[in-house]
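Visitor: I am new to this structure and would like to understand the words used for it. Could you show it to me before I ask my questions?

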Amino acid sequence: MKTLLGTFAGAAMVIAGAATMTAAQEYPYRDITTAVVWGAGGGTDTINRMIMAEMEKHLPVSINVINQTGGVAGSNGMVYVMNQPDDGYTLVGLSESNVTAAVQGGWDKKFDFWYPFIVGGSPDLISVPANSSYATLEELVDAAKAAPGTIPAAASGAGSIHHLNLLAIENGAGAEFKFVPYKGSAPGQEAAIAGEVALVVTSLAEQAPLIEGGELKPLAMLTPQSAEIAGITVPSAFDIYDGLDAYLPLKQAIGFAVHNSASDEVKAKLTEAFDAAMAGEAVAEWAAANHYDIGGQSGEEAQALFSNLESNFAYTLQDLGVATVDPASLGIEKP
Amino acid sequence: MDFVLSQLAGFGGAFAALVVDPLTYLYLVTSVFLGIMFGALPGLTATLAVTILTGFFGNKIPLDYSLIALLGAYVGAIYGGSYPSILLNIPGTAASAATAMDGHPLAKAGRGGEALGLTTTASFIGTLIGTFALLIFVWVLLLISKNIASPEKALLALFGILLSGTLMSEDLVIKGWIAGLIGLAMAMVGLDPLLSEPRYTFGWSYMMSGFQVVPVLMGAFAVPQVIDGLRHAEVGKLTQFTDRIVPSLASIRRYLPTITRSGVIGTGVGALPGVGEDVAGWVSYGVGKTVSKDGGKFGKGSIEGLLSAETANNACIGGALIPLLVLGIPGSPPAAALMGAFMINNVIPGPTIDPAIILRVVAILVMASLTMFLMGLFTARVFIRILRIPQTVFLPVVLVLTTIGSFSVGGGINDLYLMLGVGFVAYFMNMLAFPIAPLVIGVILGGLFDETFRRSLFLSDGDLTVFASRPGAAILLALNAALILSQIPAVQRAFGRLRGRAA
């Protein structure tokens, strides 16, 4: 009971912004807080809670995970962490979708403000309701070509990784669907089951229980590799349509980050714990059970990956007319 | 029938395993107590309780035990929200807003102990009804919830707003609807849910994420209460009350039909994805007011009104777990937090979940509701002493607690300005006899209505018939129309004449 209340009191104190002590001893000597910018129960939240628990085993302190949601593309949480000292005691839990916060007016920083660590991501795929008349991706694309812009498609919110994947398959296969935005992957998948939309593009991790339960019928993976799930081999869309590699794959990158301005000592300590955790069996088991691919990139390698995603997202959003800030004005280069 | 029997047998096994394990009690008592505390503190929600415990337990202890802690806190928090609703007229969580309508008048009449005792019993029975449905009717409820699409959700949200407007008005129903529409308008602020266009933000980034529910809830209920209390406080005057809390068997038997009906409604609402405890309380309250012989007394301290709301929000828990466990789609916000806890432990809720886990969840819920019942009768005794504290001391403390609650949602200092702003508007609305609850319901359900209404039209290319062409939607549309028509004087007169002729 005491420890329970203690943890809560600790979390409350951090929320109150009391974490402003200066680092005098060797890092880390007090508890670290990770503020996840997406809601509890989602992919980014789950991954952060999992990896932080593993990293704790390689650090002398505890890591508390809190959620700081809201704003534009998770900008509330990023601004919150930005305003904390860059001493490595406040980390931010984020995902690839946060790279759009700047061009959507949520904050005014390029993504290289962060020093990221990528745990992994789950590949996207295109699925239809179990009772759908489309049995293959070709049938679906042919139907869309016959009646452009009428077949309703769900793919999470506008400007999300799933939306970009949908756009990529449209461009690559020369089909046009009617994109219907949903607030997240789960409501989009729900809509597919209820028959409100004819197809849904989300990640394998998110669709897995519905495919295994026979609610959704997978048509094609949007990655070069095929996948095995529930005894079905899901073919790769790359094998069906040539030239998709010009647009795909666009993959999730979920993990956490520290201020890029943090000291080298902090970055080294975090990298050490991160690498040790990623090499552990618990992470591998978790990834296999949840249909995630392990990343493991950190530092400059991860920054390069995010910068690529950032320019891709930013200019796609500008083309869609939903970017409120010109990406060039932020110094984001064209992909 | 075989299915029912095998489920019952499996439940018996899981329950026995739980009862003989001494560690169960340690986790249960701690978490239920923590949950009640969270529910009872204004602004701290059941979702927050489950989220914090998820973070604390995560994958540090086996899933079997973390489930006990999480479900215990969930049940406790939904129940704990009834304390401040009844004693202070400030709902501890959005789920218990409907509880305040009849609970507080009862407390003012000196029947607070009786009200707390009955809600404890009703919450207990409600949880059991929801749990029983989770065990037996899992597939039937699933069939219904799977066929709910955007048009139905939009009409259900609109019904909730109109219904609370109709029920809460002291004099003119139109005043309730006006308050509801103000809430609906407030819900429009922020990035629009379909195309991410900023609306009514005036270029201010705080407004982009829209108005948070908790600061609005706290502002609307707590601030006017504190202002009013301090204006009319008489130093040394205390509310008189009787101490009897444990309800008599006779009164439980008398209210059993109400409790059962509300339990069934709560479970059904809970099973709909994305619709949670807050809506369950209102829908059940509305149905209760319509079908009860006592309907006229609702809002003036009716036990039946109190039980309608409080049974339903607890029954909602079992209902909300059905789509979570069977489809992997959480039925309410706390259930979404619960989903995270499963996934951290490599258990993916959905069709592939191990049936033994469902049985264990059911067994834990039964144990948790029992713990809540016994502990509730004890904590209610402590909480009712709050009424003995002089208002001049207590109300400032309440204001501090609600401020902390509003701040806890993470929007920063602006959320506190929002709370105070809504509070002052609410105070003057109270003076003009405009009900404030529909405004809050408008903010809570407005987002859902906005999103689903526009998406329905987007899908149908602007064709309004989508709201009538599906069977579920047609029924809900008829309910909405009936609700509005029943308040138009000409229609009321026509009905009166018809009734006169029949008699």
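Guide: What follows is a conversation about a predicted model, in which each term is set against its definition.

Visitor: Why are H13(B) and H14(B) called oblique to each other?

Guide: Helix H13 (residues 249–271) of chain B and helix H14 (residues 277–291) of chain B pack at an angle of about 140°, and their axes are 9 Å apart. An angle has to be over 145 degrees to count as roughly antiparallel, while 65 to 115 counts as roughly perpendicular; H13(B) and H14(B) are therefore oblique to each other. The crossing in which H13(B) passes H14(B) is right-handed.

Visitor: What makes the contact between H13(B) and H14(B)?

Guide: From H13(B) come residues including B:Thr258, B:Ile265 and B:Val269, and from H14(B) residues including B:Val279, B:Val283 and B:Val287. By class, the residues of this contact of H13(B) with H14(B) are six nonpolar, six polar and no charged.

Visitor: How do you know that H2(B) and H17(B) are oblique to each other?

Guide: Helix H2 (residues 22–40) of chain B packs with helix H17 (residues 355–383) of chain B at an angle of about 50°, their axes being 10 Å apart. Roughly parallel would need an angle under 35 degrees, and roughly perpendicular begins at 65, so H2(B) and H17(B) are oblique to each other. Their crossing is right-handed. Among the residues that make the contact are B:Leu28, B:Val32 and B:Phe33 of H2(B), together with B:Met367, B:Met372 and B:Phe383 of H17(B), and the contact of H2(B) with H17(B) divides into 11 nonpolar, three polar and no charged residues.

Visitor: Turning to chain A, why are S7 and S9 of chain A called edge strands?

Guide: The open sheet of five strands has the order S7-S6-S8-S5-S9 in chain A, with mixed pairing, and strand S7 (178–180) and strand S9 (216–221) of chain A each pair on one side only. From one strand to the next, the twist averages 30°.

Visitor: How do you know that strand S6 of chain A and S7(A) pair?

Guide: Pairing requires at least two bridges, and strand S6 (residues 152–154) of chain A is joined to S7(A) in the parallel sense over three bridges, so the two strands meet the requirement. A:Ala153 stands opposite A:Phe179 in S7(A).

Visitor: Which strands does helix H7 of chain A lie across?

Guide: Helix H7 (residues 204–212) of chain A lies across S5, S8 and S9 of chain A, and runs at about 125° to S8(A).

Definitions and conventions
Residues numbered from 1 in each chain as written. Chains lettered and ligands numbered in written order. Predicted model: local features only at pLDDT ≥ 70, side-chain atom pairs only at ≥ 80, totals over all residues. Axes fitted to C-alpha atoms, helices over the stretch in contact; angles between N-to-C directions. Helix = DSSP H or I, 4+ residues; strand = E, 2+ residues; numbered from the N terminus. Left-handed = near helix turned anticlockwise from the far one by under 90°. Contact = placed C-beta atoms within 7 Å. Nonpolar A, V, L, I, M, F, W, Y, C, P; charged D, E, K, R; others polar.
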